[in-house]
Amino acid sequence: MLDLSAHDYIIGAVKQGLFNATVENEPGKEVLGRLMRNDELRAAVLEAHTTAALCTMFKKGDPALNHAAFDFLNIMSNYPDGKELIRAAKIPIFRAIVAALDHQKWDSQRNAATALHTLLGIRDSSFETEFVTQEFRSVILEEISHILKLLANDRSFRVVGGAAALLALSDDEIIRAFVREHKDFKSARSEHFAKNKKLQYHGSDPREEDVHRMLDTLYAAMEESPNRRGVLKFPEVHPMPARSPLVTSLAILSCIFYIPCGLTAMLAGFAIDEAEK
């Protein structure tokens with residue numbers, strides 16, 4: 001009989017990325033793979049809220065957790081019951097990755113976009129499990145509208161998340177051809193080059209110049225042959241500089257007391273100079 005807590009311990013360890021490390025001088029992935037050869041233990045693990053655990057991992061947009069989730073999917077794809085799990089979990093997993101794309105923090109968005117690139121086993125990826133690649137290609141094609149909605153959004157950080165994901169997927173010829181013909185992509189592209197798109201920027205949203213650079217890179221990649229591109233690389237993205245509390249207060253006061261714009265700008269400039277001293 002198995003210890004009733006064994007499967008919970010394994011899922012907990014996977015969820016924390018503990019199998020990324022070595023276990024008594026043996027790679028953690030190999031240890032996990034050996035454990036999963038036990039049919040009874042594997043069945044218990046697959047029934048232990050595994051899909052929810054994988055979704056939580058991908059939703060965080062953390063590279064170490066993504067790596068751990070890839071290893072788990074890779075191992076499970078070797079077994080019929082593992083394949084059933086992947087078939088059942090692929091849509092929730094994809095939507096968890098999209099949730100990480102819809103994050104104001106660029107690091108989370110970049111890692112989520114890289115996760116999509118990895119799941120497809122695209123050229124420079126180390127993840128080359130054919131079964132997983134086929135399953136996730138189909139779900140991405142079915143659910144691509146979720147990514148295109150980010151690209152079409154009027155909030156700048158969401159546009160960056162959608163663009164980064166599509167850039168990561170652009171090396172896959174099937175997905176690339178599908179996206180290029182999608183009405184939402186065509187509309188977003190037209191608005192960008194016509195300069196008709198008015199994006200909103202708030203708080204720690206990405207800088208305007210970085211948003212435009214990301215979009216220029218995406219639309220250029222969509223026109224190139226995938227074979228001409230190298231390793232996946234994103235343009236740099238940085239948050240807008242934080243406003244000092246004094247500048248924010250002056251902006252609020254100008255609205256309350258109808259202070260003329262010129263005077264407000266002068267006071268704000270003085271506040272910035274003082275803050276930088």
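Predicted model: local features only at pLDDT ≥ 70, side-chain atom pairs only at ≥ 80, totals over all residues.
Let me start with S108, which is found in helix α7, residues 106-119, where helices are DSSP runs of H or I with at least four residues, strands are DSSP runs of E with at least two, and both are numbered from the N terminus. S108 counts as buried because its relative accessible area is 8%; buried means under 20% relative accessible area, exposed over 50%, and partly exposed in between, with a 1.4 Å probe and protein chains only. Leaving out residues up to four places away in sequence, S108 touches K60, G61, A100 and H103, and contact here means heavy atoms within 4.5 Å.

Residues are numbered from 1 along each chain as its sequence is written, and side-chain values use heavy atoms, with hydrogens and water left out.

Now the chain as a whole: there are 14 helices and two strands, and buried residues make up 45% of the 277 residues. Among contacts between residues at least 6 apart in sequence, 72% join residues at least 24 apart.

Is H182 buried or exposed? H182 counts as buried, because its relative accessibility is 17%. Apart from residues up to four places away in sequence, H182 touches I144 and L148, and although H182 and I144 are 38 residues apart in sequence, their C-alpha atoms are 9.6 Å apart in space.

Let me turn to the interior. In soluble globular proteins, nonpolar side chains tend to be buried together. The largest nonpolar core here has 76 residues, and I147, L151 and L166 have the most contacts inside it; such a core is a set of buried Ala, Val, Leu, Ile, Met, Phe, Trp, Tyr and Cys residues joined through side-chain atoms within 4.5 Å. If we leave aside neighbours within four places in sequence, L151 is in contact with residues including R158, L166, F185 and Y219.

Next come two packed helices: α5 (residues 63-76) and α6 (residues 80-101) pack at an angle of about 145°, with their axes 9 Å apart. The axes are lines fitted to C-alpha atoms, for helices over the stretch in contact, and the angles run from 0 to 180 degrees between N-to-C directions. On the α5 side we find F72, L73 and M76, which meet G82, K83, L85, I86 and I93 in α6. By class, this contact has six nonpolar, one polar and one charged residues, where Ala, Val, Leu, Ile, Met, Phe, Trp, Tyr, Cys and Pro count as nonpolar, Asp, Glu, Lys and Arg as charged, and the others, Gly among them, as polar.

Most residues other than glycine have a negative phi, and most peptide bonds are trans. E24, in the loop between β1 (22-23) and β2 (26-27), has a positive phi of about 50° although it is not a glycine, and E24 is exposed because its relative accessible area is 80%. H49, in the loop between α3 (39-46) and α4 (50-59), also has a positive phi, near 55°, and H49 counts as exposed because its relative accessibility is 66%.
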